[in-house]
Amino acid sequence: MAETEAALRTLARNVRTARNRAGLSLDELGRRAQVSKGALVGLEKAQGNPNFATLVRLADTLGVSVSALLEGPAEGRVRVVTADAVAPLWTGRLGSEARLMLTTSGPAPVEVWRWTLEPGEEYPSHPHQAGVVETVSVTAGRMTLVVDGTEHTVEAGQTATFDGDATHTYRGAGEATCHLIMTVHLPPGPTA
């Protein structure tokens, strides 16, 4: 419980800092991210439990990575993260899940995700900000990647990439669990 409370406090601080840096009021951030002002007030007070889609919309609107909203200060030059140390940000009803492992630092950060997709289960993603590029590398099983309504089969050993500002869906295909590594390449942020 204390771990969850600490994570909510970190999220609250990071959202407030990013919102202030962007010069946005709670009303304006809520309008742009399609999140109610009440939910934002609660979030900045470390209350509530925002879902994955809300975190993605806030990150996109604020021009930061999802993990920039979730992580505390960097701990050193090398960071090693194990999958069981990171809670899933999305869990499907059939057992699929998405874990944000880490985000690289620098002017154009890259998020590294581990996904499992059960056969027939899917995650529809809203379009990201312009300049976001996603890459999916299937390590086991098979998935269907739907971009702008067109289906693409991606099997173990294959990698696909696409512009993330298009409507897209990830769907488990075949008979076995699909395992994949996804990278989300974020556009360079504003220079100071």
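Colleague: In the hairpin of S2 and S3, which glycine takes a positive phi?

Modeller: This is a predicted model, in which local features need pLDDT of at least 70 and side-chain atom pairs count only at pLDDT 80 or more, while totals for chains, interfaces and linings use all residues. Residues are numbered from 1 along each chain as its sequence is written, and side-chain values use heavy atoms, with hydrogens and water left out. Six bridges join S2 to the antiparallel strand S3 (residues 110–117); helices (H or I, at least four residues) and strands (E, at least two) are DSSP runs numbered from the N terminus, and two strands pair if DSSP finds at least two bridges between them. Between S2 and S3 the hairpin has six residues, and a positive phi, near 115°, is taken there by glycine 106.

Colleague: Which residue in S3 is the bridge partner of alanine 98?

Modeller: On the S1 side, strand S1 (residues 90–91) pairs with S2 in the antiparallel sense over two bridges, and there tryptophan 90 stands opposite alanine 98. In S3, the bridge partner of alanine 98 is tryptophan 115.

Colleague: How many of the seven residues of strand S2 are buried?

Modeller: Buried means under 20% relative accessible area, with exposed over 50% and partly exposed in between, for a 1.4 Å probe and protein chains only. Strand S2 (residues 97–103) is largely enclosed by the rest of the structure, because the number of its seven residues that are buried is five.

Colleague: What is the angle between the planes of tryptophan 113 and tryptophan 115?

Modeller: Rings of Phe, Tyr and Trp (its six-membered ring) pair if their centres lie within 6.5 Å, and planes under 30 degrees apart count as stacked, over 60 as edge-to-face and the rest as tilted. The count comes to six aromatic pairs, and ring pairs link Trp90, Trp113, Trp115, Tyr123 and Tyr170 into a cluster. Tryptophan 113 and tryptophan 115 are both buried, and they form a tilted pair with 6.5 Å centre to centre and an angle between the planes of 45°.

Colleague: What is the radius of gyration of the chain?

Modeller: The chain comes to five helices and 10 strands, and its C-alpha trace spans about 45 × 35 × 35 Å along the principal axes. The radius is taken over C-alpha atoms, and the globule rule is 2.2 Å times the number of residues to the power 0.38. For 192 residues this rule gives 16 Å, and the chain is as compact as a globular protein of that length because its radius of gyration is close to that, at 17 Å.
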